[in-house]
Amino acid sequence: MKHLKAANQKAEMVEQAQAATEDVVGMAQPMGCTTIFNPGWEANPWGGVNGMCAPMEADLLGCANVCWWPAQVPDSLQNYPEWARACTGVNAEDWRNLEVVFPKID
Amino acid sequence: MDLHFRPENAHAVAFGERQILVAAKSMALFVMDPVAEALLAYGQQHPHLTSEGISQELHGRFSPEAIGETLQELVRLHVFVTEQPAPKPIRPVVDIEHFPLGSLVLNVANKCNLHCSYCYEPEGAKYGSSPVQMDWDTARQSIDFLFQKAGNNREVNVIFFGGEALLNFKLMREVVEYAEEQGREHDKKVDFSLTTNGTLLTDEVIDFFQAHRFGLTVSMDGPQELHDKRRFFLTARGEKKGSYEQIVLRIKRLMARYTARPVVARVTVTKGTVEVMRIYEHLTSLGFFEVGFSPVTAKNGEEYGLEPADLRQVLAGFKELGALYVERALQNQYTGFSNLSTMLTDVHLGTNKLFPCGAGLGLLDVDGNGDVYLCHRFPGTEEHQYGNVKEGLAYDRLNEFINSAHVENKPVCQTCWIRGLCGGGCYHEAYTQFGDGALPNLHYCDFLREWTEYGIRVYMELQEKNPGFVETYVLRGRGDAPKELT
């Protein structure tokens, strides 16, 4: 912290705990008809996805890829081709630049 | 944005030019910069506020960015909150049945050769119907009980207590042998300790302590004049005879022969014996490494009880001894003043407790019948008996009591910034004063808050002028005792 200077061991622990908050990470590339965000890794106790009824791939990559599941990102192939234009680069560190889109009303 | 100031989560302690913020929700300490100080002061005056209001108020003194950043930092510590929390439901929070037992107190003797006037076990009523001496079967079952309940603890503590425990030294030897054997079998370290009045220490007893590295605490109240005031024998004719002379001879033997661990003196501070510095100097001159002071537990009106004026004198004495502690600490010398060392440990770690102590959780007491009590102060108090080592613990009642004593279930404590350090205070003190062990020790609140503020200032001074002293010399009893102390 900037305006409060840690003065005991607990304060240092509080600072570390607060600094350790992980940021949301945008995934590398558009998959199928959408651009995908990582909603948080869901894995089995061994770190893989074997045997899970809804592993991350099935939930997002798999579903969005074939467009049979309503993914939580705009359809960037048909309706919102431009929505991710400000977010370039493989690591997508500028994911906050992604636009917010609203359903088109004719 | 609407903000609410939470006074119970923030307390400022002046330290030199600066103010220290005690973030009471976590017991983290921070040195505040001028922006934080100004925001805290504003919050203290305006419990309901808006971020815009604060910015206006402090406009010109600090930049809007600095105000915004500082507010965010204070929100993260719950000093300001954006929404008033809903009232908390009162709920059980700890499941005693699965709480591992770490320490068991054995009342091996239900009798004492002294008749100290302030003893919390009144003569005659001593420990109810318990036999004078604990027998071997009960002792063995108690040790079995300890190991059964110890869970994953790698170390267990057997604490011998009385009456005067050394009146049943024979049983102590048997218990130690058996507990060590059980320790090897269960792969747990067993630590032994004893609180004694010192009248029965002989070379044989001392050598036994040495062989088993007993942690020793001797109850002594200071120089003869103060000690003999309330710690005495009763002669056959019913006359009071001070115990000091008897004890001092034996303490000298003890200090000469016993080198396994530092020996601690425990002082009961009573009306007329509040000279902290004099008591400390005397007891350390006898060879005690540490001296701990406990204000006496007394019902209202007892002649030995401490009144508010006496407590202020005790506190003044603590600070006088504290000044010596600091002076010596700056030269890397440790001063055996338990109360301050405990406080500095708590301040350093940021201790934040839900309960005042481990009684009923990690610590239980067994009397001569095998009956289990909250702690060593309760034997004979039926209300706080929770089963028996032979038949098992009365978990329902114990759960009910412990959870009623949870600090969040003590409404008065919710507005107090030291609630995490104090937890509401001693169950036995509350039981004696108010007839209910789960009530907070209201008569000590001011004393403890002032003592804590003092401890924080001492801590800050030591960290500033001799950083590392607290870690190296003071932190202990938490598994990381520095070598020079053990």
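Two residues count as in contact here if their C-beta atoms, placed from the backbone, lie within 7 Å. With that in hand, take a look at how helix α1 (residues 9-19) of chain A lies across β1 of chain A together with β4 of chain B. This is a predicted model, in which local features need pLDDT of at least 70 and side-chain atom pairs count only at pLDDT 80 or more, while totals for chains, interfaces and linings use all residues. Residues are numbered from 1 along each chain as its sequence is written, and chains are lettered from A and ligands numbered from 1 in the order in which they are written.

**The sheet shared by both chains**

- Helices (H or I, at least four residues) and strands (E, at least two) are DSSP runs, numbered from the N terminus, and two strands pair if DSSP finds at least two bridges between them.
- Four strands make up an open antiparallel sheet, in the order β1(A)-β4(B)-β3(B)-β2(B).
- At its edges sit β1 (4-6) of chain A and β2 (10-15) of chain B, each of which pairs on one side only.
- Ignoring direction, neighbouring strands of this sheet are turned by 35° against each other on average; axes are lines fitted to C-alpha atoms (for helices over the stretch in contact), with angles running from 0 to 180 degrees between N-to-C directions.
- The join between the chains is antiparallel too: three bridges link β1(A) to β4 (residues 28-32) of chain B.
- Two of the residue pairs to look up are Ala6(A) with Phe30(B) and Lys5(A) with Val31(B).
- Helix α1(A) runs at about 85° to β4(B).
- Helix α15 (residues 445-465) of chain B lies across β2, β3 (18-23) and β4 of chain B, at about 55° to β2(B).

**Where the chains touch**

- The contact involves 13 residues of chain A and 21 residues of chain B.
- On the chain A side, β1 and α1 each supply at least two residues, and α1(A) gives the largest share with five residues.
- By class, that side of chain A has six nonpolar, four polar and three charged residues. Ala, Val, Leu, Ile, Met, Phe, Trp, Tyr, Cys and Pro count as nonpolar, Asp, Glu, Lys and Arg as charged, and the others, Gly among them, as polar.

**Chain A on its own**

- Chain A has two helices and one strand, which follow the pattern β-α-α along the sequence.
- Buried residues make up 18% of its 106 residues. Buried means that 20 or more other C-beta atoms lie within 10 Å of a residue's own; 12 or fewer makes it exposed, and anything in between partly exposed, with C-beta atoms placed from the backbone.
- Among contacts in chain A between residues at least 6 apart in sequence, 47% join residues at least 24 apart.

**Chain B overall**

- Chain B comes to 16 helices and 18 strands.
- Its radius of gyration is 24 Å, which agrees with the value near 23 Å that a compact globule of 486 residues would have; the radius is taken over C-alpha atoms, and the globule rule is 2.2 Å times the number of residues to the power 0.38.
- The C-alpha atoms of chain B fill a box of roughly 80 × 50 × 45 Å along the principal axes.
- In chain B, 42% of the 486 residues are buried, and residues 24 or more positions apart account for 70% of the contacts with a separation of 6 or more.
- The domain assignment gives domain 1 (2-81) and domain 2 (102-388) of chain B, with bounds that come from an automatic or database assignment. The C-alpha centres of these two domains lie 44 Å apart.

**Local spots in chain B**

- Strands β7 (residues 103-107) and β15 (residues 363-366) of chain B pair in the parallel sense over four bridges, with Leu104(B) partnered by Leu364(B).
- β15(B) also pairs with β16 (residues 371-373) of chain B, this time antiparallel over two bridges, and Val366(B) stands opposite Val372(B).
- The hairpin of β15(B) and β16(B) has four residues between the strands, and there Gly370(B) takes a positive phi near 90°.
- In helix α9 (residues 276-285) of chain B, the buried residues include Val276(B), Ile279(B), Tyr280(B), His282(B) and Leu283(B).
- Their cover includes α7 (224-230), β13 (264-269), β14 (290-295) and α10 (308-329) of chain B.
- Just after α9(B), Gly287(B) has a positive phi of about 115°.
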